[in-house]
Amino acid sequence: MESSVQTLAPEQSSRLLASGLGWRRRSVNTVMMVLIAAAFVLAMIPLFSLVFEIAKRGIPGLSAEFFTEDARGAIGGAGGASHAIMGTLIITAVATVISVPIGIMAAIYLNEYGTGRLRRALTFFVDVMTGIPSIVAGLFAYALFEIFLGPGIRLGVMGSVALSLLMIPIVIRSAEEVLKIVPDHLREAAYALGTPKWKTITKIVLPTAFAGLVTGVMIAIARIVGETAPLLVTTGVVDSMNTDPFNGRMQNLAVYAYNEYRSPGVMKQASYDKAWAAALTLIAIVMILNIAARLVYRRYKTEIR
Amino acid sequence: MASVDTTTNAGQLLAAASGGRRRLGDRVFSRTAVLAAVTILVLLTGVAIFLLSEGFPALTASASELPEGKSFVDYVAPLAFGTVLAAALAALVAVPLAVAVALFITHVAPPRIALTLGYLVDLLAAIPSIIYGLWGIFVLGPAAVPVMKWLEEKLGFIPIFDGPASVTGRTMLVAGLVLAVMILPIVSAVAREAFAQTPRRLQEGAQALGATRWEMIRMTVLPFGRSSVISGAMLGLGRALGETMAVTIILSVSGAVTFNLISQANPSTIAANIALNFPESSGLAINALIATGLVLFAITMVTNMGARMIIARQNQE
């Protein structure tokens, strides 16, 4: 079995040589190439359908009101999603504030300091963390706050904690990658000049890796900004604006979309329109983050020779 | 001589003076790094402890106190079945497709556009799961209704297409297909990376011997990437097991334990069950849901560990 990976088996080679490019082999080749290309097209259909449907169904729900009004006391298709947009921004921002320092410092630990058992344990647990189902992260945040604040608790910051659990491993992984490609000769040159290690890291390594780090963080934000399940069990559902993550329930776009679909008001279609409008807003945020991340990388990356 | 002495002295003095600060700065910085590492370990231990302590009451409670009046094992078993069924269905559809997509990008499509095609596939991974859910219920579900009707009529003798076919499209088949689309980019990314690393000398050797492109792929690229494909498939499976919102929105659940993929009566999944019931639950029901979350965590962790082990072994070779 392993030999087939290293070289072609002798009988394969001789069969290839002996059998000339007959009609059968040529047609098998054509059929397989067509199948492979068809599989790719098939895989792209959902992508184009998604983009098309989000645009088609999301635009009718967009209005000035959608961005400026909350949904307090709104009936019959009135009201907007400003509270949900604000909530998404706040919850994500707090999650970022928690995750980025921990994630980047942990990556620095792994790449610059780590040795022995702690390093191995951290690598292992980061692997475990990447596999945590998002709903389980939500349950953890709930269990954590319930023990201190009592049952039924719902806070914006609980959602941020849940999202941090999902975001930290993404930040670590990407930061580790970019720190790894900072060449050692830069570090050695700094040491040769008598620069202490911490200054080498903060003044040489981090600035060299800066574009990559920012890109990684933006991609990580894009990955968590649309999370629904962990927020459904931690931040609760509310119709009015709340800008204080430490006090009371906080709405967000993903849960808003889910709720408008799940419990539509009297005017069903108006609620569905809002759900799709929220989806469109969400995907716009995700795409802007992704594109901005690429632009930042292209614009600010350090050329390493 | 004297001047040399003074410089040496000055150097020593400088070193002593700044060395103290240096060591302090280094100590503070390295301890911060270690602290971040330890924080993560504490956080994960916290996850385990808090979930266990909140889930435990449900494990010891009597059947009558729990939701649906069942013992915990009876409560979680159908959910675990649904979870595995949906994820397995997704992997079954996604893996061959992902392998083909990876082959297309690495070995079939013109190299000039390969990078762009890769971005397109990765875009699928950037779409939030709530949107997949809405797409599944409003677009794919209704589109699948006539297909499922046809499956029931023509292939109804196979138990998985037994029917009666759903008229809303909220079936296990649709949920599985949506999950398949969601995990496709993960599986294909892993496969792509491995396929692209197939040694050139093998590919060129095969072609020099007169192999067609497909024969070259079958004899060199596929054997080379096999273990990566397996580990990628398991990573995708792990993702599908824990996926919540798409299933929550799409699947119409009855608690039935069945392999019938096209009917209205489906087993729920652990994650979807939590999302559906958690917001309105209180007391022991919450503990029971958290305990099911632990079961889900265990299932996904075993799957992911399996994938990591395959990758690690492969890296050693």
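**Chatting through chain B**

Modeller: From the N terminus on, chain B runs α-α-α-α-α-α-α-α-α-α. This is a predicted model, where local features need pLDDT of at least 70, side-chain atom pairs count only at pLDDT 80 or more, and totals for chains, interfaces and linings use all residues. Residues are numbered from 1 along each chain as its sequence is written, and chains are lettered from A and ligands numbered from 1 in the order in which they are written.

Colleague: Thanks! How many helices and strands does chain B have?

Modeller: Chain B has 10 helices and 0 strands, taken as DSSP runs numbered from the N terminus (helices are H or I, at least four residues; strands are E, at least two).

Colleague: And what does chain B span along its principal axes?

Modeller: The C-alpha trace spans about 105 × 70 × 35 Å.

Colleague: Okay, which domains is chain B divided into?

Modeller: Domain 1 covers 1-60 and domain 2 covers 70-316, with bounds from an automatic or database domain assignment. Their C-alpha centres lie 42 Å apart.

Colleague: How many residues are in contact between domain 1 and domain 2 of chain B?

Modeller: In chain B, 7 residues of domain 1 are in contact with 8 residues of domain 2; contact means that C-beta atoms, placed from the backbone, lie within 7 Å.

Colleague: Switching to chain A, what is its mean pLDDT?

Modeller: The mean is 88, and 92% of the residues of chain A reach 70 or more. pLDDT is the predictor's confidence in each residue, from 0 to 100.

Colleague: Where does pLDDT stay under 50 in chain A?

Modeller: Over residues 1-5. Where pLDDT is low, the predicted coordinates should not be read in detail.

Conventions:
Contact = placed C-beta atoms within 7 Å.
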